[in-house]
Amino acid sequence: AGLGGTDLKRHLYMSHFRHVHRLLSAKRHINGVMMWADHVRENPLSLAELPKDVRLMHWGYYSWFNFTEAAVVYKEHGLRWWACPGTSSWKSFGGDVAMSFVNIEAAVRAAVEPAHAAEGALLADWGDDG
């Protein structure tokens, strides 16, 4: 039986990612590979396939976004992660300051929690439609 639908998409994505990872890992100046965590958030089976030197860039840009939930899962799989909140400035003239403050605080709280600490944080400020 062949792969279909979501399984095929996951297989193709992970196959491509492993290829890119091999290419980047062969470079002497590369100390690990970062990837946006969208795929593994949508396809948790991929977590077990990731090389352990990958850093998952876990993004969420709204006040309700739960960084801790994913951080616990990453820790359980022995994966490194970064918290990537957003400024909520896209699709607007002045942004949504209240939302960005709540989102940034939630990301940093999850990132510094010793039980599932992140390696770092990256503040996303997309200059487009998001």
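This is a predicted model: local features need pLDDT of at least 70, side-chain atom pairs count only at pLDDT 80 or more; totals for chains, interfaces and linings use all residues.

Trainee: Let's start with the layout. How many helices and strands are there, and in what order do they come?

Mentor: The protein chain has four helices and four strands. From the N terminus the elements run α-β-α-β-α-β-α-β. The C-alpha trace spans about 50 × 35 × 30 Å along its principal axes.

Trainee: What makes Val40 a buried residue?

Mentor: Buried means under 20% relative accessible area. Val40 has 3% relative accessibility, so it counts as buried. This residue is found in helix α2. Leaving out residues up to four places away in sequence, Val40 touches Ser46, Leu47, Leu50, Leu56 and Tyr74.

Trainee: How do you know that the buried residues of α4 line one face?

Mentor: Begin with the list: Met99, Ser100, Asn103, Ala107, Ala110 and Ala111 are buried. Looking down the axis of α4, they fall within an arc of 105 degrees, so they line one face of the helix. Ala98, Phe101, Arg109 and Val112 are exposed on the other side of α4. The buried residues pack against α3 (67-76) and β3 (80-84).

Trainee: How do you know that the length of α1 agrees with a helix of its residue count?

Mentor: Helix α1 (residues 5-25) has 21 residues, which should span 30 Å at 1.5 Å a residue; its end C-alpha atoms are 30 Å apart, so the two agree.

Trainee: Which residues of α1 are buried, and what puts them on the same side?

Mentor: Arg10, Met14, Phe17 and His21 are the buried ones. They cover an arc of only 65 degrees around the axis, and therefore sit on the same side of α1. The other side of α1 has the exposed residues Gly5, Lys9, Leu12, His16 and Arg22. The cover over the buried residues of α1 includes β1 (33-36), α2 (38-42) and β2 (54-59).

Trainee: What about α3: which residues are buried there, and which are exposed on the face turned away?

Mentor: In α3 the buried residues are Phe67, Ala70, Ala71 and Tyr74. Their arc around the axis is only 105 degrees, which puts them on the same side of α3. The face turned away from that buried side carries Glu69 and Glu76, both exposed. Among the elements covering the buried residues of α3 are α2, β2, β3 and α4.

Trainee: Now the loop between β3 and α4. What stands out about the phi of Ser88?

Mentor: Ser88, which lies in that loop, has a positive phi of about 55 degrees although it is not a glycine. Most residues other than glycine have a negative phi.

Trainee: Is Ser88 buried or exposed?

Mentor: Buried: its relative accessible area is 8%, and the cut-off is under 20%. Thr87 lies in the loop between β3 and α4 too. Apart from neighbours within four places in sequence, Thr87 is in contact with Asp96, Ser100, Leu123, Ala124 and Asp125.

Trainee: What share of the whole chain is buried?

Mentor: Buried residues make up 34% of the 130 residues. The chain exposes about 8,100 Å², and carbon and sulfur atoms supply 59% of that area.

Trainee: And what share of the contacts comes from residues 24 or more positions apart?

Mentor: Such pairs account for 64% of the contacts with a separation of 6 or more.

Terms used. Residues are numbered from 1 along each chain as its sequence is written. Side-chain values use heavy atoms; hydrogens and water are left out. Buried means under 20% relative accessible area, exposed over 50%, partly exposed in between (1.4 Å probe, protein chains only). Helices (H or I, at least four residues) and strands (E, at least two) are DSSP runs, numbered from the N terminus. The arc is that of the directions from the helix axis to the C-beta atoms. Contact means heavy atoms within 4.5 Å. The expected span of a helix is 1.5 Å times one less than its number of residues. Accessible areas come from the Shrake-Rupley method with a 1.4 Å probe; for residues, only the protein chains shown count as cover.
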